[in-house]
Amino acid sequence: MTHVIDKNICISCGTCEAVCPNAAPSFGGDAYVIDPEKCNDCKTCVENCPVNAISKKE
């Protein structure tokens with residue numbers, strides 16, 4: 001199961017991209033997005049997001 005970033009909450013700070021060991025997050029224009037092929041559910045981005053914009057994909 002991968003994680004997703006809520007573009008309505010994301011402030012485009014880049015923290016998720018900086019801390020991800022798999023380079024799954026990247027800037028997608030208005031906000032960051034997570035590549036589901038690269039995400040291994042490590043939760044590092046979730047734990048470091050300052051605005052809690054990242055959650056598990058349902």
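Me: Is T2 buried or exposed?
Reply: In this predicted model, T2 sits in the segment before β1 (3–5). Its relative accessible area is 13%, and the cut-off for burial is under 20%. T2 therefore counts as buried.

Me: Which residues is T2 in contact with, leaving aside its neighbours within four places in sequence?
Reply: The count skips residues within four places of T2 in sequence. What remains is P36, C39, S55, K56 and K57.

Me: How is the aromatic pair of F27 and Y32 arranged?
Reply: One aromatic pair turns up in a search of the whole structure. The ring centres of F27 and Y32 are 5.3 Å apart, with the planes at 70 degrees. Planes over 60 degrees apart count as edge-to-face, so the pair of F27 and Y32 is edge-to-face.

Me: Which residues have the most contacts inside the largest nonpolar core?
Reply: The largest nonpolar core has 13 residues. I5 touches C10, C16, Y32, V33, I34, A53 and I54, with residues up to four places away in sequence not counted. Those with the most contacts inside the core are I5, C10, C16, I34 and I54.

Me: What separates the C-alpha atoms of D35 and V46?
Reply: D35 lies in the loop between β3 (32–34) and α2 (44–48), and is partly exposed at 28% relative accessibility. D35 and V46 are 11 residues apart along the chain, and their C-alpha atoms are separated by 15 Å.

Methods
Residues numbered from 1 in each chain as written. Predicted model: local features only at pLDDT ≥ 70, side-chain atom pairs only at ≥ 80, totals over all residues. Heavy atoms only, no water. Helix = DSSP H or I, 4+ residues; strand = E, 2+ residues; numbered from the N terminus. Buried < 20%, exposed > 50% of the residue type's maximum accessible area, 1.4 Å probe, protein only. Core = buried A, V, L, I, M, F, W, Y, C linked by side-chain atoms within 4.5 Å. Contact = heavy atoms within 4.5 Å. Phe/Tyr/Trp six-rings, centres within 6.5 Å; stacked < 30°, edge-to-face > 60°.
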